[in-house]
Amino acid sequence: MPTSASPLAPRKITVLGAGAWGTAVAIALAARHEVLMWGRNGGAMQAMAHARENSAYLSGCAFPAGLQVTADFDTALAHVLDTPEAEAPLLIAACPVAGLRPLLMQLKPHAISHIVWLCKGFEGDTGLLPHQVVAEVLGDQVAGGALSGPSFAQEVARGLPCALTVASRSDMLRERVVSTVHGGNIRVYSCDDLVGVEVGGAVKNVLAIATGVADGLGLGLNARAALITRGLAEITRLGIALGGTPATFMGLTGMGDLILTCTGDLSRNRRVGLGLVQGKALDTIVAELGHVAEGVPCARAVRALAHKLGVDMPITNAVAGVLFDGGTPKAMLAQLLARDPRDELS
């Protein structure tokens, strides 16, 4: 694939965010590139620099020599902004959806040409997808894209194989991300269906909560398969209503990410469902996770959006009922089983 710099040449990359996924991506890319990871907590960043690992989120995953860390925002930006465009630097936002707008506001005064984000979900207050938030804050002149797909941070940080998709309407940005990130044990595919990729990455977290509930209730593998399959139908209906391409939902960021998040023991959202069956309060579950479970705020946003668009999403509605309306896991199951039969493809 053509690009402005050799795919073999080390590039300068800044990762804005030092959580589990941001750190995992930084570790993976630092094996081949010069990566600077920024985090706003000065004490935490100093501890990482000293220990050469992120013990809070990815204990035991050592930093490669190519990974440096900083708590200074200007230093982090200078790493890529002072690099000529011909050398194809890469700026990656690795914050949760709730932190995307504040981060973009920090970036707004700077002359950035592009940005890639790793977050999956809808913004809580506005119901916007990440690319819509980026357009609102930075404008359409900045090339933006989502890097998404079935990927647990712990496995990526350990160097295990994974496949991702970069979605952008910018040919330049897709080429830059593929030539930079693709390599080693990471395969990167590209597409221009930004809406479809973001919807798949967001809604699968809600379905993972439902699957955790089913697993916690001991409903068996048949029920899990049914939930995943009907969940994919919900994702597809919403995605098409928002302008996504149907084929996208059968790919890595649709079916692939859904299967991983609904079945993997490392899935935070699945663990939310398991905790609900155990009778734990939602606040307790989230606190015990120690990480963001995007499916929780996403369930509220997706339910509201589906209602507004007239999209039928019974599993999402049932999950939101348990999370926010005082429903119980058993009542959620009864609600789904009591639905009238219908044509599978309608």
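Me: Which strands does α8 lie across, and at about what angle does α8 run to β6?
Reply: In this predicted model, helix α8 lies across β5, β6 (143-148), β7 (162-168) and β8, contact meaning heavy atoms within 4.5 Å. Axes are lines fitted to C-alpha atoms, for helices over the stretch in contact, with angles from 0 to 180 degrees between N-to-C directions. Helices (H or I, at least four residues) and strands (E, at least two) are DSSP runs, numbered from the N terminus. Against β6, α8 runs at about 40 degrees.

Residues are numbered from 1 along each chain as its sequence is written. Because the model is predicted, local features need pLDDT of at least 70 and side-chain atom pairs count only at pLDDT 80 or more, while totals for chains, interfaces and linings use all residues; side-chain values use heavy atoms, with hydrogens and water left out.

Me: In what order do the eight strands form the open sheet?
Reply: Two strands pair if DSSP finds at least two bridges between them, and the pairing in this open sheet is mixed. The edge strands, each pairing on one side only, are β3 (67-70) and β8 (186-191). The order is β3-β2-β1-β4-β5-β6-β7-β8.

Me: Is K204 buried or exposed?
Reply: K204 is found in helix α8 (residues 194-216). Buried means under 20% relative accessible area, exposed over 50% and partly exposed in between, with a 1.4 Å probe and protein chains only. Because its relative accessibility is 6%, K204 counts as buried.

Me: Which residues is K204 in contact with, leaving aside its neighbours within four places in sequence?
Reply: Those neighbours within four places are set aside for K204. The contacts are then K120, I235, D257, L258 and T261.
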